[in-house]
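Subject: The structure for you, with notes

Hi there,

Here is the structure I promised to hand over.

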Amino acid sequence: MATKSHTRKKLRRQDTLHHVAHADLPSKWGKFKIHGFTGKSPQEEAVALVRGNLAGRSAPLVRVHSQCLTGDVLNSLRCDCRAQLELSLKNIAKAPSGVLLYLPQEGRGIGLMNKLRAYQLQDQGMDTVEANEALGFASDAREYEFPAEILKQLGARKIRLLSNNPEKVRQLEKFGIQVIERVPCQPRVSKISRKYLKTKKSKMGHLLKGV
Ligand SMILES: [Zn+2]
């Protein structure tokens, strides 16, 4: 029974994954193809930056990056998101093949306004996990079935994952992606982000050096 319902669920998910468009995307790290996908609802969307043949002989280098407006765009030093994004693109551009999935999961899935509410609580002394929980959210509300289905559709079933988060490895494997190697993704630690990274390490099991 469990297998049947799992298959039904899988079929539903594949039916709802929609490849919207693809185009060239030259960047300062090299040439990528950008692909747009939507999921269950038009609000569930993601882009994939792809280089090389993802279904080729060597496993592609993959980063599943959650959107962080304050870090990625506004250069905030409260977190290490932008530094991880840049490091990932640089490494993927050097690899034989790879993909960066960019997911609008702001604030580990709680949304931008709630992330700002959490920042306010952090300024009053809470850490990132306590703040999310005080607002009634899980410390990590991200969902990995959608990114896993995109990777499969792109032909990247066996991957090397750029991440410091063992939970991300477990989640992608749960949805059928084989992670043959976890490649650390750790930029230099800034003084400001050290406290945030310490919480990620001690409360969320992230594997970080020198924090
Ligand atoms: Zn961030």
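A word on naming before anything else: helices (H or I, at least four residues) and strands (E, at least two) are DSSP runs, numbered from the N terminus. Residues are numbered from 1 along each chain as its sequence is written, and side-chain values use heavy atoms, with hydrogens and water left out. This is a predicted model, in which local features need pLDDT of at least 70 and side-chain atom pairs count only at pLDDT 80 or more, while totals for chains, interfaces and linings use all residues.

Let me begin with helix H8, which spans residues 166-174. Its buried residues are Lys 168, Val 169, Gln 171 and Leu 172, where buried means under 20% relative accessible area, exposed over 50% and partly exposed in between (1.4 Å probe, protein chains only). Looking down the axis of H8, these buried residues fall within an arc of 165°, so they line one face of the helix; the arc is that of the directions from the helix axis to the C-beta atoms. On the face turned away from the buried side, H8 carries the exposed residues Arg 170 and Lys 174.

What do the buried residues of H8 pack against? Their partners are strand S4 (61-66), helix H7 (145-153), strand S6 (158-162) and strand S7 (178-183), with contact meaning heavy atoms within 4.5 Å. The C-alpha atoms of Val 169 and Arg 182 are separated by 7.6 Å, and the two residues are 13 residues apart along the chain.

Another positive phi, of about 65°, belongs to Asn 75, although Asn 75 is not a glycine. Most residues other than glycine have a negative phi. Asn 75 sits in the loop between helix H2 (69-73) and helix H3 (81-94), and counts as partly exposed at 46% relative accessibility.

Helix H3 itself holds Gln 84, which is buried with a relative accessible area of 5%. The side chain of Gln 84 makes a polar contact with that of Arg 63, at 3.2 Å. Leaving out residues up to four places away in sequence, Gln 84 touches Arg 63, Asn 164, Cys 185, Pro 187 and Lys 200.

In helix H5 (residues 112-123) you will find Asn 114. Asn 114 is buried at 18% relative accessibility, and its side chain makes a polar contact of 2.7 Å with the side chain of Arg 117. Leu 135 and Phe 137 are touched by Asn 114, again not counting residues up to four places away in sequence. Leu 116 also lies in helix H5, but is partly exposed at 36% relative accessibility.

Glu 44 is in the loop between strand S2 (30-38) and strand S3 (45-51). Is Glu 44 buried or exposed? At 15% relative accessibility, Glu 44 counts as buried, and a polar atom of its side chain lies 2.8 Å from the backbone nitrogen of Lys 40.

The charged end of Arg 51 sits over the ring of Phe 32, 5.8 Å from its centre, and that of Arg 78 sits over the ring of Tyr 119, 4.0 Å from its centre. For this, NZ of Lys or CZ of Arg must be within 6 Å of the ring centre and within 35 degrees of the ring normal. How many disulfides does a search of the whole structure find? The count is zero, a disulfide being a pair of cysteine sulfur atoms within 2.5 Å. Among the cysteines, Cys 68 is buried at 4% relative accessibility, and Cys 79 is buried with a relative accessible area of 9%.

Enjoy exploring the model!

Best wishes

Key:
A polar contact is a pair of N or O atoms within 3.5 Å; within protein, one must be able to donate a hydrogen and the other to accept it, and residues adjacent in sequence count only if both atoms are side-chain atoms.
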